Amino acid sequence: MTERYEVVVVGGGAAGLSAALVLGRARRSVLVIDTGEPRNAPAAHMQGYLSRDGMSPAEFLAVGREEIARYGVGLVRDRAVDVAKDADGEFDVTLAGGRTVHGRRLVVATGLADELPKVPGVAERFGRDVLHCPYCHGWEVRDQAFGVLATTPMGVHQALMVSQWSKDVALFLHTVAEDELADEDLRRLAAAGVDVVPGEVAGLAVDDDRLTGIRLADGTTHERSVLFVAPRAVPRTGLLERLGAELQETPFGTYAVVDATGLTSVPGVWAAGNAIGFGEQVVNAASGGYRAGATINGELLFTDLDAAVRT
């Protein structure tokens with residue numbers, strides 16, 4: 001038989017757990033479906049979350065799971081592979097394990113995956129001394145020798161940003177031709193003291209499990225202890241697409257169009273976290289989940305009251 005809940009939350013990261021916590025405290029029956037594949041899993045710590053600065057992502061999620069359990073929220077380790085809207089405007093979610101669960105309302109907090117540049121060594125060191133977000137890791141690597149790997153001209157923006165944390169920054173053009181850089185960008189790079197290094201990057205130099213340099217295809221190696229890269233964001237929008245939700249193209253991927261509460265163009269479906277944007281950090285994702293959860297509770301309350309009035 002199909003298990004029935006008032007709200008099904010797909011995704012057990014900061015956004016999904018936050019929505020589930022609010023709804024559980026509102027005495028709603030809630031199920032969280034989680035694959036256990038958070039975007040920030042490679043990171044040893046997360047930063048910028050007031051009172052949780054420096055906490056490991058794994059510990060943060062473990063605490064969150066404990067908190068939702070106190071309020072009777074269920075959690076299943078599985079993957080939602082399909083979803084359908086029924087005649088009543090409610091939702092049947094099919095899991096990879098064969099179960100089907102029903103929710104009156106649905107929260108999609110499936111996040112995104114980071115597709116890293118295909119340079120040998122980058123994936124293996126991602127989250128350690130190969131990084132992508134200065135707000136997440138800049139303080140911890142401050143004043144070290146930074147490299148920035150350009151895969152598009154947007155690499156200039158990243159190089160300029162990380163110069164706030166170190167004055168020793170080199171922009172490796174890699175697959176970007178020098179003539180692709182705008183004159184204004186070159187002037188800004190010069191003003192920031194960023195060195196521009198042409199030539200394709202062939203790999204990383206590593207000694208004693210530490211990044212020591214960036215190796216070019218011509219055989220030269222430039223000493224660097226940190227490398228910033230720009231992953232290609234791959235939002236996990238499959239469920240939203242199946243429901244016909246409106247999506248929008250951005251320079252950083254395709255995301256759900258939502259209102260201020262996270263409501264998508266599909267009535268009854270909310271989205272939060274990296275399902276709505278590349279730049280949703282943990283603290284933003286938790287906030288978005290909270291807003292979605294509180295809105296859903298109120299919407300269910302008045303839907304049921306209005307139905308009672310009509311009868």
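Me: Is Arg-128 buried, partly exposed or exposed?
Reply: In this predicted model, Arg-128 is partly exposed, with a relative accessible area of 43%.

Me: Which residue forms a salt bridge with Arg-128?
Reply: Asp-209 does, and the closest N and O atoms of the pair are 2.5 Å apart. Asp-209 also counts as partly exposed, at 48% relative accessibility.

Me: How many salt bridges does the structure hold?
Reply: The structure holds 16 salt bridges. One of them joins Arg-99 to Glu-3, with the closest N and O atoms 2.7 Å apart. Arg-99 lies in the loop between strand S5 (91–95) and strand S6 (100–108), Glu-3 lies in strand S1 (residues 3–10), and 96 residues separate them.

Me: Now Arg-105: buried or exposed?
Reply: Arg-105 is buried, because its relative accessible area is 8% and the cut-off for buried is under 20%.

Me: And what is its salt-bridge partner?
Reply: Arg-105 pairs with Glu-299, the closest N and O atoms being 2.7 Å apart. Glu-299 is partly exposed, with a relative accessible area of 29%.

Me: Which residues are linked in a network of salt bridges?
Reply: Arg-4, Glu-90, Arg-104 and Asp-304 are linked in such a network.

Note on methods
Residues numbered from 1 in each chain as written. Predicted model: local features only at pLDDT ≥ 70, side-chain atom pairs only at ≥ 80, totals over all residues. Heavy atoms only, no water. Salt bridge = Lys/Arg side-chain N within 4 Å of Asp/Glu carboxyl O. Helix = DSSP H or I, 4+ residues; strand = E, 2+ residues; numbered from the N terminus. Buried < 20%, exposed > 50% of the residue type's maximum accessible area, 1.4 Å probe, protein only.
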